[in-house]
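Hello,

Here is the structure I promised to pass on to you. Have a look at it first, and then read on for what turned up in it.

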Amino acid sequence: MLGLTVIAVVAIVFLAVQYLLPDNLTDRPTLEATSSDTSEDKVVPQLQTETIIAGLDHPWDLVFLPDKQLLFSERKGSISVLRDQKAFQLIKIADVYNRGEGGLMGLALDPKFRENKFIYTCFNSAKDPADFSKGPTDIRVVRWKVNDAVTSLQDRKDIITGMPSNATGRHSGCRIEFGPDGYLWVGTGDAAVASNPQDPKSLGGKILRVDREGVAAPGNLGNFF
């Protein structure tokens with residue numbers, strides 16, 4: 001009897017499904033059938049490229065100043081401004097540790113740049129800039145002030161230190177950008193150590209959110225550890 005009951009239930013479900021579904025599933029409108037686009041309507045955008053400066057060594061990040069001057073970084077540690085189709089170096093950061101995936105990485109412009117002239121960098125820092133064999137100290141975020149003539153960077157302040165750095169440069173990460181909340185957001189790499197992202201006491205494999213002084217923003221998860 002149990003077997004017959006099961007068969008009967010299955011039969012009822014099958015009939016119900018058949019009743020609720022359309023006679024032919026292919027009768028349902030598809031994306032292709034309902035789309036008004038045809039192959040003739042699709043226009044492939046034509047892109048034009050123009051080299052504005054050549055000969056750079058791993059250009060990595062860039063920002064535009066309010067006056068439209070372009071600042072850009074190269075992984076070995078230089079930051080330059082593009083002016084009249086020529087690059088003028090503002091600084092060569094002495095302690096940038098350039099190995100593998102590491103070096104000078106993130107570059108960000110302060111949203112209040114007109115007032116404070118601040119820019120921010122993120123890089124692997126060498127224990128001894130004269131001897132890379134001693135390895136990196138860490139990855140850090142450094143704030144700089146651009147002088148009025150945009151010819152140099154001054155007033156260095158290391159606002160975040162202690163992010164893990166692998167001697168080979170692996171998984172260095174570190175991208176920085178100001179969010180709409182006015183805080184600096186920092187995406188960090190895990191330094192090729194699998195436990196770093198899960199370790200609340202490690203700055204590796206995280207997204208950090210800090211103010212201009214490197215102080216954790218209110219509401220950060222890390223504030224509760």
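Predicted model: local features only at pLDDT ≥ 70, side-chain atom pairs only at ≥ 80, totals over all residues.

A definition to begin with: helices (H or I, at least four residues) and strands (E, at least two) are DSSP runs, numbered from the N terminus. Two strands pair if DSSP finds at least two bridges between them.

Residues are numbered from 1 along each chain as its sequence is written, and side-chain values use heavy atoms, with hydrogens and water left out.

**Strand 2 and its neighbours**

Strand 2 and strand 3 form a hairpin with 3 residues between them. In that turn, G77 has a positive phi of about 130 degrees. The two strands pair in the antiparallel sense over 5 bridges, and L70 stands opposite L82 in strand 3.

Strand 2 also pairs with strand 1: 5 bridges join them, and they run antiparallel. Here V63 is the residue opposite L71 in strand 2. This hairpin has 5 residues between the strands, and K68 takes a positive phi near 75 degrees.

Is strand 2 mostly covered or uncovered? It is mostly covered, with 5 of its 5 residues buried (buried means under 20% relative accessible area, exposed over 50%, partly exposed in between, with a 1.4 Å probe and protein chains only). In a regular strand the side chains alternate between the two faces of the sheet. In strand 2, both faces are covered: L70, F72 and E74 are buried on one side, and L71 and S73 on the other.

**The nonpolar cores**

A nonpolar core is a set of buried Ala, Val, Leu, Ile, Met, Phe, Trp, Tyr and Cys residues joined through side-chain atoms within 4.5 Å. The largest one has 19 residues, and L71, I79, I93, I119, W144, V150 and L153 touch the most other members. Strand 3, strand 4 (86-92), strand 5 (104-109), strand 6 (118-126) and strand 7 each supply at least two residues of this core. Its largest share, 3 residues, comes from strand 7.

Which residues does I93 touch? Leaving out residues up to four places away in sequence, its contacts (heavy atoms within 4.5 Å) are G77, I79, L104, T121, F123, W144 and R156. There is also a second, separate core of 17 residues, which includes A108, F118, Y120 and V210.

**Salt bridges**

A salt bridge is a side-chain nitrogen of Lys or Arg within 4 Å of a carboxyl oxygen of Asp or Glu. By this rule there are 11 salt bridges.

One of them joins the side chains of K76 and D57 (3.3 Å, N to O). K76 lies in the loop between strand 2 (70-74) and strand 3 (78-83) and D57 in the loop between helix 2 (31-34) and strand 1 (59-64), so this pair ties together parts that are 19 residues apart in sequence. K76 is partly exposed at 45% relative accessible area, and D57 is partly exposed at 27%.

Another salt bridge is formed by R140 and D158 (2.7 Å, N to O). This pair links distant parts of the chain, 18 residues apart: R140 is in strand 7 (residues 136-146) and D158 in strand 8 (residues 153-163). R140 is buried, with a relative accessible area of 14%, whereas D158 is partly exposed at 27%.

D158 meets R156 as well, in a salt bridge of 2.8 Å, N to O. R156 is partly exposed, with a relative accessible area of 35%. D95, D138, R140, R156 and D158 are linked in a network of salt bridges.

Happy exploring!
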